[in-house]
Amino acid sequence: MDRGFAAYVSVSLSSHTKAALEEFERAMQDSGEVVECHNVAGAFEYLLRIECRDLAGYKHFHTEVLGTHPHVSAITTYLVMGSPKDERA
């Protein structure tokens, strides 16, 4: 899969039950575009790193994966324009 497009996405959930969190995490495990999924403390519940071919690929993920998940209440996308330092292997 060509992954020339990267974005960080904050996701807020409408339900904070254990079942809702586990359901969301399973959905992210099953999604090929999600290369990192972090449960974080703060203004939102999850921070994702998304990699896909292009903006159209991200739009599909945004609409068809995040946009259809029953517990997702808010999505904020941060586009990666460059990475002057990235120590991931």
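**Cysteines**

- Cys-37 is partly exposed, at 33% relative accessible area; buried means under 20% relative accessible area, exposed over 50% and partly exposed in between, with a 1.4 Å probe and protein chains only.
- The closest cysteine sulfur to that of Cys-37 belongs to Cys-52 and is 16 Å away, too far for a bond.
- Cys-52 is likewise in no disulfide, and is buried at 2% relative accessibility.
- The structure holds zero disulfides, a disulfide being a pair of cysteine sulfur atoms within 2.5 Å.

**Basis of the model**

- The model is predicted: local features need pLDDT of at least 70 and side-chain atom pairs count only at pLDDT 80 or more, while totals for chains, interfaces and linings use all residues.
- Residues are numbered from 1 along each chain as its sequence is written, and side-chain values use heavy atoms, with hydrogens and water left out.

**Ser-12**

- Ser-12 lies in strand β1, residues 5–13; strands (E, at least two residues) and helices (H or I, at least four) are DSSP runs numbered from the N terminus.
- Ser-12 is buried, with 15% relative accessibility.
- Beyond its neighbours within four places in sequence, Ser-12 has contacts that include Ala-43, Phe-44, His-71 and Val-72, where contact means heavy atoms within 4.5 Å.

**Pro-70**

- Pro-70 is in the loop between α2 (55–66) and β4 (72–79), and is exposed at 56% relative accessible area.
- Leaving aside neighbours within four places in sequence, Pro-70 contacts Ser-14 and Glu-23.
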